[in-house]
Amino acid sequence: MKYSPRKALAVALLCLCVGAPVTHAKTFKWTSQGDITTWDIHAQNLALQNGLHANVYESLVYYNSRTFEVEPMLAASWREISPTQIRFVLRQGVKFHDGSAFTADDVVFSLGRAQAKTSQFGPYAQGIAKVVKVDSGTVDVFLNSPNPVLLRQMTELRMMSRAWAEKHKATDPLNTSNLADKANETFAHRNAMGTGPFMLESWQPGVRMVFKRNPQWWGTMAGNVTEIVYTPVKSTAARTAALLSGEVDMVLDPAPQELRRLRSDANLQVIDGLENRTIFLGMDQFRDELVGSNVKGKNPLKDVRVRKALYQAIDTDVITRSIMRGLGKPTGALVAPQAAGWGPEIGKRLPYDVEGAKRLMAAAGYVEGFEVDLACPNNRYIHDADICQTVMLMWARIGVMAKVRTMPMATFFPIIQRNEASIYLLGWGVPTFDALYSLQSLVRTVGSGGDGEYNLGRYSNPEMDKLVDRIKIETDAAARTRLMTQALLLAKDTVAYIPLHDQVIPWAVKKNIELVHRADNRVDMRHVKIN
């Protein structure tokens, strides 16, 4: 065979590429107790899921990880044409992971998809009347009325390729009310294709998720991660063991009882921060008769005296001290202090008062109490199942016998979304850092455009609806804050929900990892650096 210097050089280079280790490759391995339920970005509005989606799919605007001010992402700039017309100029040269160009057609499609009937992202799109393509790099968003928090809402409206969705018959969001039905699945449920800094390589539900760095990403990475491996692990002991052994670099939700040990480990660091998430109990205030209750012909939870009794029978100090071990700050509000509209008078809890609760139960006609269903996740929030078991024991003191059902979040969320729980534990973050997001989702009467999207107890109050609808369009900041405070106080006075605590989030991380702790408990992989 004739010797070819060019061919020999090519073979040598190939051997180097294949055989030699890539010294700059950095794999970030992390874990928490929960998994996502779908990769469809407009289907189910869950915080952990949204954070993982953000690695792959991007929005027009996003939060700065340190200041939480809105900054450009897929939109290079925007300006107000009128109070109800906002023009977005798109970033040039952005490619989807398949190499196709990101254009105005994808924006029009994606924002419309977020407003579809099967989407749970209506609260983020509230107020949007239509989206119009001006040219391939420009879109106009027309509003029904001025919206002072439009940009903050749009941080969670991620962009999907219109051509990709049409090709794979995934133009409508997945209906997540019955994830067990395989016939209900779309291609976008298990597959992903965005413009983001990472590409989804594989997803084995409940087992493992792998991301690879997108080599053609338009942005500049502050960190150096080239691969992400996320492993959901339900057992707190197993998560701790994985961190201590070096199997993972980070535990998003370390067990409270392990924190002292983790803080004392020279190879680890524990980073604390108050999350913008409130844990509360929702109650069915709609049905005329509670499913599974021994009370026939009526619904005790429709009576505000009963709801107040359930509230005042819960000793949140015991929950915070014995279960949360300081990782919960008791509250009487539906939103965390970081949200606009919060105030100390809203955050103050009704007093813990078992005897007073018994008197309220007697006045409502339930001196002997009643049986009720209590549904809880067991892998979503810090000690979620333990909280429910403790609440069950506290309610037994006033004669309310709660039948606790605990289940993985993949099972739990469809159940409560189908209104199959009389009382349920839920955690609610405020991604817009504005109380309207919670008020519209949780206490506005169920309607269109995101109204009552997670009002799963179907609380309904005409006075509340008027307040929420005014907040949506009020542009005077001081007046708007007063309206939000008034609405939060009304929710408190009518016991629309039973707030428990705001979560305090510790992240347990190896000492050689640099990252930014965020109030939304989201790991921004663009900033993760492995030293």
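**Reading the largest pocket**

Modeller: The largest pocket has a lining of 37 residues, with Lys-117, Ser-119, Gly-447, Asp-451 and Glu-453 nearest its centre. Helix 4 (122-125) and helix 17 (462-473) are the elements that each give two or more residues to this lining. A pocket is an open set of points on a 1 Å grid over the protein atoms alone, where a 1.4 Å probe fits, with protein on both sides within 12 Å along at least five of seven lines; lining residues have an atom within 4 Å of a point. Helices are DSSP runs (H or I, at least four residues) numbered from the N terminus. The model is predicted: local features need pLDDT of at least 70, side-chain atom pairs count only at pLDDT 80 or more, and totals for chains, interfaces and linings use all residues. Residues are numbered from 1 along each chain as its sequence is written, and side-chain values use heavy atoms, leaving out hydrogens and water.

Colleague: Which residues of helix 18 are buried?

Modeller: Buried means under 20% relative accessible area (1.4 Å probe, protein chains only). In helix 18, the buried residues include Leu-483, Met-484, Leu-488 and Leu-490.

Colleague: Where is Asn-455 found, and why does Asn-455 count as buried or exposed?

Modeller: Asn-455 is in the loop between helix 16 and helix 17. Asn-455 counts as buried because its relative accessibility is 2%. Beyond residues up to four places away in sequence, Asn-455 touches several residues, including Ser-441, Arg-444 and Tyr-497.

Key: Buried means under 20% relative accessible area, exposed over 50%, partly exposed in between (1.4 Å probe, protein chains only). Contact means heavy atoms within 4.5 Å.
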